[in-house]
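Please consider the following model as a report on its secondary structure, its sheet and its core. The sequence and the coordinates come before the discussion.

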Amino acid sequence: MGLSEIEANKQVESMAAFILNEAQTKSDAIRTKADEDFETEKVKIVENSKKKLRNEFESKKKKVATEVAINKSTAVNRARLRMIAERQEVIQRVNHEARDELSQRLNDQAWYKGLLVDLIVQGALQLLETQVMVRCRQADASIVASVLPQAQSKYAEFIKKQTGASTDVKFTHDPSVVVPDSALGGVILSCHGGRITCDNTLGARLQLVMENDKPSIRAQLFPHRR
């Protein structure tokens with residue numbers, strides 16, 4: 001017995017309702033999944049953006065810190081170099097003042113003669129030769145020649161006192177080599193044809209003192225600086 005038209009319509013409506021319900025359910029599920037995926041992607045994008053910003057911030061922070069450190073180091077080095085230059089300038093001024101004072105003392109002939117004798121004897125004790133040539137400035141030629149006998153005697157007396165031996169030394173003025181005026185004064189001793197020399201000029205002695213005593217000179221001139 002076939003379905004009536006009314007029953008057939010009900011079945012069709014029921015099937016349609018079922019299909020629509022399934023479609024709605026699937027549509028809701030798809031929409032929900034899409035919303036979840038969207039939220040997940042959105043969170044991912046936001047976190048990535050935050051991470052990128054943090055990385056950029058840290059990078060800029062490190063760059064600024066590096067620049068600050070470099071600038072600080074540069075400033076410290078400049079200050080140190082400036083301080084060193086100032087110290088050197090003061091030391092050079094002390095050196096020039098010492099040279100000027102020595103130049104003034106050379107006007108005292110008695111004092112200068114005694115100094116020349118000591119410089120010649122000291123130099124000869126470095127060479128320990130019996131024939132020694134004595135070089136000097138052109139302006140000192142006569143005074144140096146005048147003290148050579150005294151220097152010979154003093155040298156012989158010193159050797160006798162220290163060793164008990166008698167020795168003769170001959171000091172001869174060497175006019176062939178003139179010591180420049182910049183040497184300030186004093187003598188240069190030589191032997192063996194000039195192959196061996198001993199610079200005992202006042203300029204050389206002053207330079208030696210300045211070099212050897214630099215630490216103590218700095219300590220006296222700059223007691224509060226390190």
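## Basis of the description

This is a predicted model, in which local features need pLDDT of at least 70 and side-chain atom pairs count only at pLDDT 80 or more, while totals for chains, interfaces and linings use all residues. Residues are numbered from 1 along each chain as its sequence is written, and side-chain values use heavy atoms, with hydrogens and water left out.

## The sheet

Four strands form an open sheet in the order β2-β1-β3-β4, with mixed pairing; helices (H or I, at least four residues) and strands (E, at least two) are DSSP runs numbered from the N terminus, and two strands pair if DSSP finds at least two bridges between them. The edge strands, β2 (170–178) and β4 (196–201), each pair on one side only. On average, and with direction ignored, neighbouring strands of this sheet are turned by 30° against each other.

β1 and β2 run parallel and are joined by five bridges, and the bridge partner of Val132 in β2 is Phe171. β3 and β4, by contrast, run antiparallel and are joined by six bridges, with Ile196 in β4 as the bridge partner of Cys191. The hairpin of β3 and β4 has four residues between the strands, and in this hairpin His192 takes a positive phi near 55°.

## The nonpolar core

The largest nonpolar core has 28 residues, and those with the most contacts inside it are Ile120, Val134, Val144, Phe171, Val187 and Leu189. Such a core is a set of buried Ala, Val, Leu, Ile, Met, Phe, Trp, Tyr and Cys residues joined through side-chain atoms within 4.5 Å, where buried means under 20% relative accessible area, exposed over 50% and partly exposed in between (1.4 Å probe, protein chains only). At least two residues of this core come from each of α2 (109–127), β1 (131–136), α3 (141–163) and β3 (186–191).

Leaving aside its neighbours within four places in sequence, Ile120 is in contact (heavy atoms within 4.5 Å) with Val134, Val147, Leu148, Ala151, Phe171, Val187 and Leu189.

In helix α4 (residues 202–212) the buried residues are Leu202, Gly203, Leu206 and Met210. Seen down the axis of α4, these buried residues fall within an arc of 100°, so they line one face of the helix; the arc is that of the directions from the helix axis to the C-beta atoms.

Asn55 lies in helix α1 (residues 5–105) and, at 47% relative accessibility, counts as partly exposed. Between Asn55 and Glu13 there are 42 residues of separation in sequence and 61 Å in space, C-alpha to C-alpha.

Terms used. Axes fitted to C-alpha atoms, helices over the stretch in contact; angles between N-to-C directions.
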